[in-house]
Amino acid sequence: MLPRRFYFDNALDQFFDEGNSMKCDIYEKDNTYHVEMDLPGFKKDEIKIECNKGTLSVTAEKESSSDEKDDDKKYIRRERTYGKYSRSFYLGDVNEEGIEAKFDNGTLTISIPKIDASVNKKYIDIK
């Protein structure tokens with residue numbers, strides 16, 4: 001017989017959870033945006049980063065492993081999920097060619113240089 005807490009442990013987590021396991025911090029320093037995102041359990045080749053017209057998108061996909069087909073397993077609790085997760089952020093005018101990313105110990109760090117606002121300004125003559 002299983003203790004009662006197994007049945008109702010974290011029962012309301014799905015109700016209150018944002019449904020997103022890709023928690024991140026975004027800050028600006030030295031004319032560069034910095035994104036630090038937690039992606040525990042993912043490998044570098046399971047993560048895709050793209051920037052399109054100032055929108056940064058990070059996608060991580062983990063596929064089910066083949067050993068999950070074991071019919072002899074009788075799970076008591078199963079929380080590890082497989083699937084596709086994605087986050088997108090609009091950052092504005094950024095230098096897409098200068099973006100750098102690093103993945104270390106489950107943390108993705110992305111540096112996105114901003115474009116100098118004075119370069120993109122267009123002054124309109126009044127007639």
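Let's start with aromatic pairs: this structure holds 1. Rings of Phe, Tyr and Trp (its six-membered ring) pair if their centres lie within 6.5 Å; planes under 30 degrees apart count as stacked, over 60 as edge-to-face, and the rest as tilted.

Strands here are DSSP runs of E, at least two residues, numbered from the N terminus.

A word on the source. This is a predicted model, where local features need pLDDT of at least 70 and side-chain atom pairs count only at pLDDT 80 or more, while totals for chains, interfaces and linings use all residues. Residues are numbered from 1 along each chain as its sequence is written, and side-chain values use heavy atoms, with hydrogens and water left out.

Are Phe42 and Tyr85 buried or exposed? Both are buried. Buried means under 20% relative accessible area, exposed over 50%, partly exposed in between (1.4 Å probe, protein chains only).

Now Lys62. This residue is in strand β4 (residues 55–62). Its charged end sits over the ring of Phe42, 5.3 Å from the centre. For that label, NZ of Lys or CZ of Arg must be within 6 Å of the ring centre and within 35 degrees of the ring normal. Lys62 is buried too, with a relative accessible area of 18%.

What joins the side chains of Lys62 and Glu46? A polar contact of 3.4 Å. That term means a pair of N or O atoms within 3.5 Å; within protein, one must be able to donate a hydrogen and the other to accept it, and residues adjacent in sequence count only if both atoms are side-chain atoms. Leaving aside neighbours within four places in sequence, Lys62 is in contact with Gly41, Phe42, Glu46, Tyr82 and Gly83. Contact means heavy atoms within 4.5 Å.

Two strands pair if DSSP finds at least two bridges between them. β4 and β5 share 8. In one of these, Ala60 has Tyr85 as its bridge partner. Tyr85 also touches Ser21, Met22, Phe42, Val58 and Thr59, among others, not counting residues up to four places away in sequence. The C-alpha atoms of Tyr85 and Val58 are separated by 8.3 Å, though the two are 27 residues apart along the chain.

There is another open sheet. Its 4 strands run in the order β1-β2-β7-β6, with antiparallel pairing. The edge strands are β1 (24–29) and β6 (100–104), each pairing on one side only. 6 bridges join β1 to β2. Ile26 has Val35 in β2 as its bridge partner, and Cys24 stands opposite Met37.

How many residues lie between β1 and β2 in their hairpin? The answer is 2. In that turn, Asp30 has a positive phi of about 55°.
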